Amino acid sequence: MSLTRCFAIVLRQYYLIRGSFARFVQLFVWVGLDMILWGFMTKYMNTLSDSKTNFVPMLLGAVLLWDFLVRVMQGVTIAFFEDVWSRNFLNIFATPLKISEYLSGLVITSLASSCVGLVVMLILSTSIFGLSFFSYGLTLIPFIMILFMFGIALGIFATAIVLRLGPASEWFIWPVPALISPFIGVFYPLTVLPEWMRGVSKILPPSYVFEEMRRIVAGEASNNQSLVVGLILSAFYILLACWTFKKTYGYAIRSGLIARYSAESVS
Amino acid sequence: MKSKVLSVEFLSKSFGNIEAVKNVSFSVEKGEIVGLLGPNGAGKTTTINMVLGLLEPTLGNVKIEESDLVKNRSLALAKTNFAAVYAPLPGNLTVFQNLRIFSLIYEVKNASQRIEDLIMQFELSRFRDSKCGVLSSGEQTRVCLAKAMLNQPKLLVLDEPTASLDPSTAKEIRTKIREFASTGESGVLWTSHNMYEVEDVCDRVLFLSKGKILLEGNPKTLPAEYGKPSLEELFIAVAREPVSLQGV
């Protein structure tokens with residue numbers, strides 16, 4: 001693996017973000033707006049509630065972690081879409097660049113862009129609404145790791161779909177987070193779900209994060225075992241996503257899809 | 001005997017029942033410019049895509065110098081580069097940014113100096129910080145050619161590189177590519193529909209028709225060998241009546 005070639009993929013995204021106000025702003029504007037919207041929502045809910053429940057760490061914390069997961073996924077997919085939109089596949093894939101280097105470049109890009117979003121969310125949620133991430137203790141580390149790894153897996157899997165089905169299929173990708181959100185219990189405990197939905201939740205790593213977060217907010221002891229399951233599942237999904245991308249790329253090379261990508265068909 | 005920079009052996013590609021390329025073998029030697037000619041749909045771009053690793057052959061193999069493209073793809077492609085009229089560089093990056101990114105991908109040594117040299121050589125200085133998307137098609141072609149020269153490839157693949165250039169610029173580009181090949185370290189595989197250009201530039205031509213190599217030879221003497229007054233007439237004959245040439 002050549003770090004120089006990985007860096008080339010990252011540098012391309014840096015140049016694009018540096019040269020475009022629209023790309024720069026999207027790094028933090030939507031997540032910032034989410035923090036403000038949900039921050040005031042939770043403050044309002046705190047005034048309605050008779051109990052001493054504090055909705056800030058429960059709901060605003062959940063939104064923050066959820067937005068982080070979505071940004072990680074989009075960090076990978078948008079970097080890949082830049083090559084789709086600029087019809088750059090021939091230039092990129094007729095070079096010594098290896099698939100592992102290309103994917104690593106996308107992952108590093110996502111890490112950088114999602115960290116910008118995370119920092120902005122933390123600043124807003126802490127300074128305006130008093131959310132303290134220290135209240136989650138050291139479990140915050142596996143929280144972030146699970147969400148980052150699963151976001152990367154989702155992103156790579158999504159790019160494989162677009163590589164296989166063509167540029168128009170990017171519209172399948174944008175709603176992916178919304179499709180999985182009911183199963184992972186961002187805003188509610190999994191116990192409210194019907195049995196079959198809970199079955200799906202068990203194979204989705206973020207559900208372990210949000211369940212654990214609620215447990216900590218409720219003052220219960222954290223269950224490290226469930227976080228380990230979440231980490232193992234996330235690692236498995238990353239491997240599965242990379243395998244899927246590699247297989248899809250192999251198909252695209254065999255069938256001529258790469259060379260005729262804009263046609264969205266090989267026949 | 002000069003060493004080969006490209007060896008194509010028994011290359012075939014089928015798409016379902018359609019055989020786009022059938023058992024094609026040829027080579028390009030160091031210092032040589034080989035023209036790959038043929039009518040639309042003859043299999044030129046399919047062959048080029050296989051040479052560039054963008055398309056996996058059904059049968060046969062491609063070697064860049066001694067590196068097998070399937071077994072050692074990254075090493076083989078590190079010694080190759082290309083420019084094609086249908087593969088412009090991203091229009092949302094500047095000339096310098098595009099060259100910088102590809103210099104990293106090809107791991108070019110002394111990249112900054114190499115980029116500046118190429119910007120000078122292809123007269124791109126005043127467009128250095130312009131986005132490629134705002135350049136004229138001729139200027140974009142020059143940027144693509146600069147990109148193609150970045151790693152001083154052993155094999156340079158050019159798919160109709162002068163198609164969008166005015167005659168004066170096209171002549172300059174032909175001269176530059178001739179100079180590049182004349183160093184004796186690299187070979188060039190060139191496709192064009194401009195027979196004047198092919199005759200001027202190429203040391204050898206291969207005529208493809210319906211996925212097969214029909215004729216091969218020196219572009220200056222080949223037309224006479226087949227009773228045609230010019231390379232253009234020979235091209236027309238290949239396109240319209242390939243069977244009549246097979247037995248000549």
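**View 1. B:Val34 stands opposite B:Arg204 of strand β9(B).** Strands are DSSP runs of E with at least two residues, and helices are runs of H or I with at least four residues, both numbered from the N terminus. The strands shown are β3 (residues 33–37) and β9 (residues 204–209) of chain B, paired in the parallel sense over four bridges; two strands pair if DSSP finds at least two bridges between them. The model is predicted: local features need pLDDT of at least 70, side-chain atom pairs count only at pLDDT 80 or more, and totals for chains, interfaces and linings use all residues. Residues are numbered from 1 along each chain as its sequence is written, while chains are lettered from A and ligands numbered from 1 in the order in which they are written.

**View 2. An open sheet of six strands in chain B has mixed pairing.** The strand order is β6-β7-β8-β3-β9-β10. At the edges lie β6 (80–84) and β10 (212–217) of chain B, each of which pairs on one side only. Neighbouring strands of this sheet are turned by 20° against each other on average, direction ignored. Helix α5 (residues 137–149) of chain B packs on the sheet and touches β6 and β7 (155–159) of chain B. The direction of this helix makes about 175° with that of β6(B). Axes are lines fitted to C-alpha atoms, for helices over the stretch in contact, and angles run from 0 to 180 degrees between N-to-C directions.

**View 3. Strand β1 of chain B pairs with β2(B) and with β4(B).** Strands β1 (residues 4–15) and β2 (residues 18–29) of chain B run antiparallel and are joined by eight bridges. Within this pairing, B:Ser14 has B:Glu19 as its bridge partner. The two strands form a hairpin with two residues between them, and B:Gly16 in the turn has a positive phi of about 65°. Strand β4 (residues 59–64) of chain B is also antiparallel to β1(B), through five bridges. Here B:Ser7 stands opposite B:Lys63.

**View 4. Domain 1 and domain 2 of chain B meet through a set of residue contacts.** Domain 1 comprises 18–79 + 154–248 and domain 2 comprises 89–152, with bounds from an automatic or database domain assignment. Their centres, taken over C-alpha atoms, are 25 Å apart. In contact are 10 residues of domain 1 and nine residues of domain 2; a contact requires C-beta atoms, placed from the backbone, within 7 Å. Helix α6 (residues 167–182) of chain B gives four residues, the largest share of the domain 1 side. That side divides into six nonpolar, two polar and two charged residues. Ala, Val, Leu, Ile, Met, Phe, Trp, Tyr, Cys and Pro count as nonpolar, Asp, Glu, Lys and Arg as charged, and the others, Gly among them, as polar.

**View 5. Chain A and chain B touch through 25 residues of chain A and 23 residues of chain B.** On the chain A side, the elements giving two or more residues are α1 (3–18), α5 (89–93) and α12 (224–255). The largest share, eight residues, comes from α1(A). By class, this side of chain A has 14 nonpolar, seven polar and four charged residues.

**View 6. Chain B as a whole contains 10 helices and 10 strands.** Its C-alpha atoms fill a box of roughly 55 × 40 × 40 Å along the principal axes. Among contacts in chain B between residues at least 6 apart in sequence, 66% join residues at least 24 apart.

Methods
Two residues are in contact if their C-beta atoms, placed from the backbone, lie within 7 Å.
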